[in-house]
Amino acid sequence: MSEKLLPRLEKAAAKGLKELNVPGVAVAVVKDGKMIYSAGFGYADLEKKVKMTAEHLLPIGSASKAFTATCAVMLAAEGKLDLDKPIRDYIPELKLSDPVAGAHATTRDMLCHRTGMPRHVLSWIVINECSRRELVSVVDHPLYLLQVVRPEISAQSTGLCDALKHLP
């Protein structure tokens, strides 16, 4: 990383902490598939004055949803994915705790949160309770979570709720 770029990056991180009113952030720069810089800024725990480091585990919020949706739409544009076909057409082993939702859920349903599954799928709960090894084991078997997490509401009522929001 350029010696001139590093102070600008650090200044931008400090400015972001202040403007977004967040206690800390971890930053990584990847070039050509390799991490060339990583650092923590601010605090991981403001009350206990624990400094943020590049090694802290942090939930990524909804950032992955944008990446996933972008990739899905790109695949659809290339004719490699139909957003309205059941996901089981592509991932036959997919099973949700609600068998009806599991059989009929489409990529579009998943992207729009219309399966009845809670939006967090335990990630916010377990991130501070698990070791890195345990988190990786969950990531290695993500379909298991979909089988054990109970829907908040049925998949059928979710579509109706979404439709009702658009009525005058």
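Buried means under 20% relative accessible area and exposed means over 50%, with partly exposed in between (1.4 Å probe, protein chains only).

## What you are looking at

This is a predicted model, in which local features need pLDDT of at least 70 and side-chain atom pairs count only at pLDDT 80 or more, while totals for chains, interfaces and linings use all residues. Residues are numbered from 1 along each chain as its sequence is written, and side-chain values use heavy atoms, leaving out hydrogens and water.

## Two helices

Helices (H or I, at least four residues) and strands (E, at least two) are DSSP runs, numbered from the N terminus. The expected span of a helix is 1.5 Å times one less than its number of residues. Helix 1 covers residues 5-20, and because its 16 residues should span 22 Å at 1.5 Å a residue, the 22 Å between its end C-alpha atoms agrees. Just after helix 1 comes N21, with a positive phi of about 55°.

Helix 2 covers residues 63-77. Its 15 residues should span 21 Å, and its end C-alpha atoms are 22 Å apart, which agrees. G79 follows helix 2 and has a positive phi, near 80°.

## Strands and hairpins

Two strands pair if DSSP finds at least two bridges between them. Strand 1 (residues 24-31) and strand 2 (residues 34-45) run antiparallel and are joined by eight bridges. You can pick out A26 opposite G40 of strand 2, and A28 opposite S38 of strand 2. Two residues lie between the strands of this hairpin, where D32 takes a positive phi near 55°.

Strand 2 is also joined to strand 3 (residues 50-51), by two bridges, and these strands run antiparallel. Here Y43 has K51 in strand 3 as its bridge partner. The hairpin of strand 2 and strand 3 has four residues between the strands, and K49 takes a positive phi near 55°.

## Nonpolar cores

A nonpolar core is a set of buried Ala, Val, Leu, Ile, Met, Phe, Trp, Tyr and Cys residues joined through side-chain atoms within 4.5 Å. Which residues form the largest one? It has six: A13, L17, V27, Y37, A39 and F41. Helix 1 and strand 2 are the elements that give two or more residues to this core, and strand 2 gives the most, with three residues. Apart from it lies another core of five residues, including L94, L96, A101 and A105.

Contact means heavy atoms within 4.5 Å. Leaving aside neighbours within four places in sequence, F41 is in contact with E10, A13, L17, P23, G24, V25, V27 and M52. L94 counts as buried because its relative accessible area is 2%. The C-alpha atoms of L94 and A105 are separated by 9.9 Å, with the two residues eleven apart along the chain.

## Cysteines

How many disulfides does the structure hold? There are zero, where a disulfide is a pair of cysteine sulfur atoms within 2.5 Å. C71 counts as partly exposed because its relative accessibility is 43%. C112 is partly exposed too, with a relative accessible area of 39%.
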